[in-house]
Amino acid sequence: MFHSIPERMLEVMHDLEHADSKDREDGTPHLERLRQVPPITGRFLALLAAGAPEGVFLEVGTSAGYSALWISLALFGNSRRFFTYELLPEKVRRAQDTFAKTGLGERIELVPDDVQNHFGSFQNIAFAFIDAEKDLYEKCYEPIVSNLVPRGILAADNVTSHKEVLQPFVEHAEGDPRIDSLVVPIGKGVLVARKV
């Protein structure tokens, strides 16, 4: 999987990594920054997604599409559907550009709306990734977990870097008998939960 990433996708990933680094160095305001996962987390997400069972892929918080590129590696060679939700218009435009440049516009459906408006349409989720405003994590939890297929995977970023805010979310997952979960100390901390 990592040895066969198309050259154009690698170029776009590199450009997004550079833009994210520049945003942080320049002190770009919080909501305007890309705020994407680091490359190591992207690779980890790709491995998780590649091991997911059959079903729909879902991402909450697209930003410019960087993490979606990594997750999309698990789409190659199959007919899985991948939906990613982004609310901020500028980030929607950047993600559309990312997907157009990489030729993934037909594989990834970018939904420019609040994910909460679409909870009723979640079914047969094989893999879900949450990386959005932190107050959304708990709101997304039940609609996602209740619709995960057996052995389906939920991953959530920033659970270590934002521990003071996301600890109740982590504890909720750890106490939920429907899933097995673990906080993985990679990047900014990723909660990985698997439906039993």
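1. Start with Val 115. Leaving aside neighbours within four places in sequence, Val 115 is in contact with Val 60, Tyr 85, Phe 122, Leu 136 and Cys 140, where contact means heavy atoms within 4.5 Å. Val 115 sits in the loop between strand E3 (108-111) and strand E4 (125-130); helices (H or I, at least four residues) and strands (E, at least two) are DSSP runs, numbered from the N terminus. Is Val 115 buried or exposed? With a relative accessible area of 4%, Val 115 is buried; the cut-offs are under 20% for buried, over 50% for exposed, and partly exposed in between (1.4 Å probe, protein chains only). Val 115 and Gly 61 are 54 residues apart in sequence, with 8.7 Å between their C-alpha atoms.

2. A word on what you're looking at. This is a predicted model: local features need pLDDT of at least 70, side-chain atom pairs count only at pLDDT 80 or more, and totals for chains, interfaces and linings use all residues. Residues are numbered from 1 along each chain as its sequence is written, and side-chain values use heavy atoms, with hydrogens and water left out.

3. The buried residues in H5 are Leu 136, Tyr 137, Cys 140, Tyr 141, Pro 143, Ile 144 and Val 145. They pack against E1, E4, strand E5 (148-157), H6, strand E6 (179-184) and strand E7 (190-195).

4. How many aromatic pairs does a search of the whole structure find? There are 8; rings of Phe, Tyr and Trp (its six-membered ring) pair if their centres lie within 6.5 Å, and planes under 30 degrees apart count as stacked, over 60 as edge-to-face and the rest as tilted. Tyr 141 and Phe 169 form an edge-to-face pair, 5.9 Å centre to centre with 90° between the planes. This pair links distant parts of the chain, as Tyr 141 is in helix H5 (residues 135-145) and Phe 169 is in helix H6 (residues 163-174), 28 residues apart. Both Tyr 141 and Phe 169 are buried.

5. There's also an aromatic cluster to look at, made up of Phe 2, Tyr 66 and Trp 70. Arg 43 lies over the face of Phe 2, 4.1 Å from the ring centre. For a charge to sit over a ring, NZ of Lys or CZ of Arg must be within 6 Å of the ring centre and within 35 degrees of the ring normal.

6. The largest pocket has a volume of about 590 Å³. Of the 32 residues lining the largest pocket, the closest to its centre are Arg 35, Asp 131, Ala 132, Glu 133 and Lys 134. On a 1 Å grid over the protein atoms alone, a pocket is an open set of points where a 1.4 Å probe fits, with protein on both sides within 12 Å along at least five of seven lines, and lining residues have an atom within 4 Å of a point. By class, this lining has 11 nonpolar, 9 polar and 12 charged residues; Ala, Val, Leu, Ile, Met, Phe, Trp, Tyr, Cys and Pro count as nonpolar, Asp, Glu, Lys and Arg as charged, and the others, Gly among them, as polar.

7. Glu 133, from that lining, is found in the loop between E4 and H5. Glu 133 is partly exposed, with a relative accessible area of 32%.

8. The second largest pocket has a volume of about 160 Å³. Its lining includes Val 56, Leu 58, Arg 81, Phe 83 and Tyr 85. Strand E1 (56-60) and strand E2 (82-85) are the elements that give two or more residues to this lining. The classes here come to 6 nonpolar, 2 polar and 1 charged.

9. Two backbone spots deserve a look. Most residues other than glycine have a negative phi. Ser 63, though, has a phi near 55°, a positive value; Ser 63 is in the loop between E1 and helix H3 (66-72) and counts as buried at 9% relative accessibility. Asn 158 has a positive phi too, near 75°. Asn 158 is in the loop between E5 and H6, and counts as buried at 5% relative accessibility.

10. Finally, two exposed residues. Glu 164 lies in helix H6 and counts as exposed at 63% relative accessibility. Gly 27, in the loop between helix H1 (7-26) and helix H2 (39-50), is exposed with a relative accessible area of 53%.

How values were computed. Grid points are joined across faces, edges and corners, and a volume is the space filled by probe spheres set on the points.
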